[in-house]
Amino acid sequence: MMNAIRTLNRRLDKALQMLLAVMFACMIFVVFLQVFSRNVLEVSFIGILDIAQLLFSWSIFLGAAVALRWDTHYNLDLIPAHWHKANVLLKAFGHSASLVVVYVLAVHGYDFTINSSSQEIPSLQISGLWLFLPIPLGGIAMGLFLIEMIPDEIRQLRAESDARKAASS
């Protein structure tokens, strides 16, 4: 079971990273186009800011899932690094607490997305669903990554405990 989850997460991670790279490049291009058209051509394109906002929204929530997987969110060192067991325990607690955030993003984000689907982004003539869809999708991706990460941290704690017991006997 865990091998299937690891394989799924590896593939999801690669797909998200490629998608994020493309979205980031598109966002840079769109913002550059807006700045260039306003300052050089003295023309403003309708919808450019909405496209940038759409790309930004997708990048934030999907990027947060990738950052969680790679443990690149901001961390606060509360305990000295040589207290390895305490640090692993604190990280496991933090990831377990993250399940609340995953629930809020996935469940309530889904509700919010569905409620927004009846609205329209006028300049792009698309449903508001596309602006809020990355919220539940990011939550689901985070949940999948946590399903892999939390048991790994528990195994690491058990291994350290077993090693200490063996060393003391």
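I take helices (H or I, at least four residues) and strands (E, at least two) as DSSP runs, numbered from the N terminus. The model is predicted: local features need pLDDT of at least 70, side-chain atom pairs count only at pLDDT 80 or more, and totals for chains, interfaces and linings use all residues. Residues are numbered from 1 along each chain as its sequence is written, and side-chain values use heavy atoms, with hydrogens and water left out.

Entry one, the largest pocket. I used a 1 Å grid over the protein atoms alone; a pocket is an open set of points where a 1.4 Å probe fits, with protein on both sides within 12 Å along at least five of seven lines, and lining residues have an atom within 4 Å of a point. Volume is the space filled by probe spheres set on the points, which are joined across faces, edges and corners. I read about 380 Å³ for the largest pocket. Its lining has 15 residues, and Asp-71, Asn-75, Leu-76, Leu-90 and Lys-91 are the closest to its centre. Helices H2 (48–69) and H3 (84–116) each supply at least two lining residues, and H3 gives the most, with five. I sorted the lining into six nonpolar, six polar and three charged residues (nonpolar: Ala, Val, Leu, Ile, Met, Phe, Trp, Tyr, Cys and Pro; charged: Asp, Glu, Lys and Arg; polar: the others, Gly among them).

Entry two, the second largest pocket. I read about 170 Å³ here. The residues that line this pocket include Arg-69, Asp-71, His-84, Lys-91 and Glu-153. H3 and helix H5 (134–168) each supply at least two of the lining residues; H3 again gives the most, with five. By class I noted two nonpolar, four polar and five charged residues.
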